Amino acid sequence: MWRPPQRIKWLPKPGTWPSAEVAAKSRLFSPVQVGPVSLAQRTWIPAMVPWRATDEGFVTEDNIEWYARFATGRPGAIVVEATGIRDVPSGPLLRIGDDRFIPGLKRMTDAVREASGGETKVFIQLIDFLSIRRRPDPVKFIERFLMITDRYREALGMPGASDDAVRAKILTMPDAEVDAILTPRDLESLRSGFRERVTDVHMPHIRELPQVLPGLFAAAGRRAREAGFDGIELHYAHAYTIASFLSKLNTREDGYGGAIENRVRLPIEVYREVRKAVGNDYPLGCRFLADEIIEGGNTVEDAKVIGVEFARAGMDFISLSRGGKFDDAKQPKVGEAAYPYTGRSGYECMPQYISDDFGPFGRNIAAGVEIRKAIRAAGFKTPVVLAGGVHGFEQAEALLAEDKADIIGFARQGLADPDWFLKVKLGRGEEVIVCEYTNYCEALDAHHQQVTCQLWDRKQLDEPGIRKTHDGKRRLTPPAWQRG
Ligand SMILES: Cc1cc2nc3c(=O)[nH]c(=O)nc-3n(C[C@H](O)[C@H](O)[C@H](O)COP(=O)(O)O)c2cc1C
Ligand code: SF4
């Protein structure tokens, strides 16, 4: 992962923990309305992919136990990991692209309700993504996949030469010369692996995304409701399809790119179609980026307009994230695919303890506050979820007291200690296991390995009946809180 060059090491600062009386009177532990449902407290576990589904996208016992474990801490809401809306192979990522996925998902929502005594609401994050290939072997790429055009014949001074002759010539050239003649896209495919973009309108399936996606999201939304989810978060953030439509880098000329009014068009059409499928009495919102953190991408100024348009469309909540793009991702090794959290934008998405002067805590707050202000100024009360390095009660409570956010997201802190919410509410904050923001969990995610936390995954490995990773070396959920 990219890290700021200053390399300043930051320690978590959870601050003072409240007594049970103070917690009971706090804003953090007060209810909040999200469209038609009320969350019992203003705490939220944002989506985190734990790589526990089957290769066919079905819910496993590991998934069920994972979410039930989060639910024992009784946060206001849990958002279940990014779940694919298409019925296509996607590795061990949950899917909701067909009715056959409903029974497994239903078992998961039942488990969350049971483990939280019905206190925690369970949402699901719905995602669509475009295809990305692994970085190819360079010889294979040039021999088999590089499309030979007259542009290359001209650049090499080989007019009329056969494709094979051009390929043979390129294979003899040093890297720097190859880099100089390839188009930027071919060069990217050679050096990092081919990646589809929403602007590849010469490909029919990309051109037709605006016609296809609303229906796919709507069908997934209908299934989510049937599976017992309390609400839906449309994934409009990071490196995925809808975020790419929102991006300033989207130059499509079919009314879905260019000016910001056009870039929000498909996300809003998707929202409306899902709304039709799930009804007005069902919480439906989205997660999008307060700042893309890439050259030429959206800044907070774009995000303000986007937030207002989403609120105007009727979204029940807006959750803000930051960065996490392919555009600045690190070059993968041959045989591996690029990962959108390896560059600077990735750092901003999940800031690590090795940081700059600002540090890893609250890097998305300033942008989030501006977006929320713009939404309020336009006359909308849409609740805004802010996350990013929050691990202390005082920090979270201040964000609410200073009217900067409506709900606070605790992703990695929730992973480090799912009992944070219960412990703090009961006045036992001293017992919280505080996240150290090492990003050990994120590194596992990057390699599509079962995600765990280094603060608990080797503890009490001899506990009877616990589930472990495939290699048997790590436990998959934290030990129960011994309340004493
Ligand atoms: C292992 C892992 C998986 C993640 N998966 C998702 C995801 O599926 N969808 C999403 O929107 N964000 C995902 N994120 C980002 C988090 O939701 C969150 O925005 C980020 O970790 C910053 O919040 P935090 O500082 O509270 O952890 C993931 C983060 C981690 C650590
Ligand atoms: S591994 Fe644990 S301590 Fe490290 S960042 Fe992830 S949740 Fe926090």
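This is a predicted model: local features need pLDDT of at least 70, side-chain atom pairs count only at pLDDT 80 or more; totals for chains, interfaces and linings use all residues.
Residues count from 1 along each chain as written, chains are lettered from A and ligands numbered from 1 in the order written. Local features need pLDDT of at least 70, side-chain atom pairs count only at pLDDT 80 or more, and totals for chains, interfaces and linings use all residues.

**Ligand 1.** Select it and its shell of 25 residues (C-beta atom, placed from the backbone, within 6 Å). P46, A47, A82, A411 and R412 are the closest. Now colour β5 (77–84), α18 and α20; each supplies at least two shell residues. Helices (H or I, at least four residues) and strands (E, at least two) are DSSP runs, numbered from the N terminus. The largest share, three residues, is from α20.

**Ligand 2.** Next, select the 13 residues around this ligand. The closest are C435, T438, Y440, C441 and C453. Helices α18 (412–416) and α20 (440–446) each give at least two residues here. α18 gives the most, with three.

**The largest core.** Move to its 120 residues. A nonpolar core joins buried Ala, Val, Leu, Ile, Met, Phe, Trp, Tyr and Cys residues through C-beta atoms within 7 Å; buried means 20 or more other C-beta atoms within 10 Å of a residue's own, all placed from the backbone. Y67, I78, L126, F217, I232, V274 and I408 touch the most other members. Helix α10 (residues 209–226) brings the largest share, eight residues.

Zoom in on V274. Beyond neighbours within four places in sequence, V274 contacts (C-beta atoms within 7 Å) F217, A218, G221, I232, L234 and L284.

**Last stop.** A separate core has five residues, including I142, L146, V166 and I170.

Definitions and conventions:
A residue is buried if 20 or more other C-beta atoms lie within 10 Å of its own, exposed if 12 or fewer, and partly exposed in between; C-beta atoms are placed from the backbone. Two residues are in contact if their C-beta atoms, placed from the backbone, lie within 7 Å.
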